[in-house]
Amino acid sequence: MNRRNRALLRALAPLAVMGLIFYFSAQPATAHHAWWEIVVRKLGHVTGYALLTALWAWALQGVVRRPVLLAVCIALAYACTDEFHQTFIRGRNGTPIDVGVDAIGMAIAVILIRARRPSLNRRGKVGARERVPKSSLARSP
């Protein structure tokens with residue numbers, strides 16, 4: 001399978017998450033929520049957008065030069081359009097605060113992706129100041 005087809009197949013996962021976010025955003029809101037319901041909803045925002053960002057980064061890996069940056073841009077644009085979408089739903093309103101909560105999820109995804117990615121030094125490449133033996137014989141006494 002070539003790189004383009006693989007990327008198209010991988011894009012199905014974040015698109016499915018986007019559809020799920022849209023579905024939940026289209027639900028009319030009831031009058032008032034208990035404090036714990038608000039916390040659960042905000043955790044849903046953080047989790048959903050962390051997952052969306054991570055899936056876009058995965059889908060774009062090997063296709064674009066900076067997949068994590070593009071994934072954050074896509075997720076942020078979607079968060080903004082989702083809040084605009086909510087202004088048309090009965091009982092809902094789109095707020096910049098929710099975009100900020102979504103951005104927390106995006107930041108968490110970036111932190112986790114960066115923590116999981118091996119550094120250049122662990123992959124065998126080293127900085128200019130470090131010396132690495134050219135063969136295993138060079139390490140022997």
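Mentor: Start with a definition: a residue is exposed over 50% relative accessible area, buried under 20%, and partly exposed in between. The model here is predicted.

Trainee: Is F84 buried or exposed?
Mentor: F84 sits in helix α4. Its relative accessibility is 54%. The cut-off for exposed is over 50%. So F84 counts as exposed.

Trainee: How far apart in space are F84 and P96, C-alpha to C-alpha?
Mentor: In sequence, F84 and P96 are twelve residues apart. The C-alpha to C-alpha distance between F84 and P96 is 9.7 Å.

Trainee: Let's step back to the whole chain. How many helices and strands does the chain have?
Mentor: Read the elements from the N terminus: they run α-α-α-α-α. The count is therefore five helices and zero strands.

Trainee: What share of the contacts with a separation of 6 or more joins residues 24 or more positions apart?
Mentor: The chain has 141 residues, and 28% of them count as buried. Among contacts with a separation of 6 or more, the share from residues 24 or more positions apart is 70%.

Trainee: Which side chain meets D98 in a salt bridge?
Mentor: Side chains of opposite charge can pair when their charged atoms come close. The structure holds one salt bridge. At 2.4 Å, N to O, the partner of D98 is K42.

Trainee: How far apart in sequence are the parts that this pair ties together?
Mentor: D98 lies in helix α5, and K42 lies in helix α3. The salt bridge between their side chains therefore ties together parts whose separation in sequence is 56 residues.

Trainee: Is K42 buried, partly exposed or exposed?
Mentor: Compare it with its partner. D98 has 7% relative accessibility, so D98 counts as buried. K42 is at 29%, which falls between 20% and 50%. So K42 counts as partly exposed.

Trainee: Is H45 buried or exposed?
Mentor: H45 lies in helix α3. Leaving aside neighbours within four places, H45 is in contact with E83, D98, V101 and D102. Its relative accessible area is 15%, and the cut-off is under 20%. So H45 is buried.

Trainee: What is the volume of the largest pocket?
Mentor: Rolling a probe the size of a water molecule over the atoms shows where empty space is left. The largest pocket is lined by 27 residues, and F24, R41, H45, Q86 and R92 lie nearest its centre. Its volume is about 740 Å³.

Trainee: Which helix gives the most to the lining of the largest pocket?
Mentor: The elements that give two or more residues to this lining are α2, α3 and α4. The top contribution is nine residues, from α3.

Trainee: How many disulfides are there?
Mentor: A disulfide is a covalent bond between the sulfur atoms of two cysteines. C73 is partly exposed at 43%, and C80 is partly exposed at 40%. The disulfide count comes to zero.

Trainee: Which residues does I89 touch, beyond those up to four places away in sequence?
Mentor: I89 lies in the loop between α4 and α5. At 15% relative accessibility, I89 counts as buried. The C-alpha atoms of I89 and Q27 are 7.3 Å apart, though 62 residues separate them along the chain. I89 touches S25, A26, Q27 and P28.

Trainee: Which residues is Q27 in contact with, leaving aside neighbours within four places in sequence?
Mentor: Q27 lies in the loop between α2 and α3. Its relative accessible area is 30%, so Q27 is partly exposed. The C-alpha atoms of Q27 and R92 are separated by 8.4 Å. Leaving aside neighbours within four places, Q27 is in contact with I89 and R92.

Key:
Residues are numbered from 1 along each chain as its sequence is written. This is a predicted model: local features need pLDDT of at least 70, side-chain atom pairs count only at pLDDT 80 or more; totals for chains, interfaces and linings use all residues. Side-chain values use heavy atoms; hydrogens and water are left out. Helices (H or I, at least four residues) and strands (E, at least two) are DSSP runs, numbered from the N terminus. Buried means under 20% relative accessible area, exposed over 50%, partly exposed in between (1.4 Å probe, protein chains only). Contact means heavy atoms within 4.5 Å. A salt bridge is a side-chain nitrogen of Lys or Arg within 4 Å of a carboxyl oxygen of Asp or Glu. A disulfide is a pair of cysteine sulfur atoms within 2.5 Å. On a 1 Å grid over the protein atoms alone, a cavity is a set of points where a 1.4 Å probe fits but cannot get out, and a pocket is an open set with protein on both sides within 12 Å along at least five of seven lines; lining residues have an atom within 4 Å of a point. Grid points are joined across faces, edges and corners, and a volume is the space filled by probe spheres set on the points.
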